[in-house]
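Work through each task before reading its solution.

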Amino acid sequence: MERIFSAVQAYADEASKLRRDFHKFAEDAWCEYRTTAQIAQYLRRIGVPCKLGVGNMAEQFAYNRPEKEKLEKAKKRAEEQGVPKALIEEIGDFTGVTAVIDSGKPGKTYALRFDIDALTLTESKTGSHRPWTEGFASVNDGACHACGHDGHTAIGLICARILNENKDSFCGKVKLVFQPAEEGVCGARAMMESGFFDDVDVLLSGHIGLNAKENGLLVANTGGFFATAKQKVVFKGKSAHAAAAPERGKNALLAAASAALNVYPLVQDSRGMARVNVGTLHAGTVANVIPERAEMKIEGRAMTTELCDELSDNIKRVCEAAAMMYGVQVETTVFGAAMGANGDESLEKKLCAVARKYNLAEKIKEKGVFGASEDVSWMMDAVQKRGGVACYMMWGTELAEAHHNSMFDFDEKVLPFAIKILLAAICEGI
């Protein structure tokens, strides 16, 4: 194991450089063309074959796909930022990368999952923001790595390099998943449904920071993932003059407003915590025309997948009732979803034991609560249903500002910290 840890330290600067490169060229969900290309080029350069594009996806489960025009703009921007056109064509319309490193020896099949997308957010350009002062703030307007996925991607690549260079140090094989579109919980199900996880025995993933804001803190098993379903609801009515002929109109805005007010009581449930949020409502054009169209985006969350499914059905029912009340049509589409999930205690104990054995963490917390949604839950559930085990860790780091803030930044010492834990777990055969 000493050889593995020495390699991690040797590549620590490379991990930081990779992280800063991904940070500088941040790309949001499904538009991660340069990011995907950089991952693929790195893996191929170190001798790890990888798969790009739609071959990694079950297309029908790829939620909230952008319009073709936005994808084409993202491709063009990536080409302008140095990605060969042939590689963009290889990626096609679906970003993300998968790879397999086989030790050549019998053993377990591990999966390491890393999310790669940035947030739709404009990064701070103030003198107190390190990425700005040190020259690696995002150059792509409206895209910002304010959640740490740039760090996750760097962690994944260095893990791949060290595993590939030290195949004699582990048994079995390691599957690497660089997943697009985690923000909005849009990308994981499509990768899970592709069958890539069907033979996985152990799934490991994790996050920088979150509820681990101390350097050297390992949270071995994060649970309490909220199941969620995000729905776009479109009401279609009929426009008319609001004064001269109001009876000829069908007011889509009133239907939407009624639905917006009436979905909130649905979270009263003694069986578990739930949340509803009407995040957007757009309707109408001018004051004297009855609105013929209204669009809402509603998010439901619950402590379990079963409660969330029931909540989503009830949200749809309320919207249909509101549409009926005002004589309009309604269409509901799911544009993001995640399951409820909890890691396995048996794997948690093994992770803690490995961390203690090699003195990898200054502080170890066995369990933590996520308190939000993460679509890695699709992958965790798939592995667990087939008899495997999964854990989602939190790797502690001091933060300049909270996640999803334009001033977000983290201490890059967390990169080798996380890499050591992942590699030790695999090499110990947990």
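**Exercise 1.** Which strands does helix H12 (residues 376-385) lie across, and at about what angle does H12 run to E12?

Solution. The model is predicted: local features need pLDDT of at least 70, side-chain atom pairs count only at pLDDT 80 or more, and totals for chains, interfaces and linings use all residues. Residues are numbered from 1 along each chain as its sequence is written, and side-chain values use heavy atoms, without hydrogens and water. Helices (H or I, at least four residues) and strands (E, at least two) are DSSP runs, numbered from the N terminus. H12 lies across strand E3 (109-115), E4, strand E5 (202-208) and strand E12 (389-395). The angle to E12 is about 145°, on a scale from 0 to 180 degrees between N-to-C directions, with axes as lines fitted to C-alpha atoms, for helices over the stretch in contact (heavy atoms within 4.5 Å).

**Exercise 2.** Give the strand order of the open sheet of eight strands and its edge strands.

Solution. The order is E1-E2-E4-E3-E5-E12-E6-E11, with mixed pairing; two strands pair if DSSP finds at least two bridges between them. Strand E1 (50-52) and strand E11 (363-369) are the edges, each pairing on one side only. From one strand to the next, the twist averages 20°.
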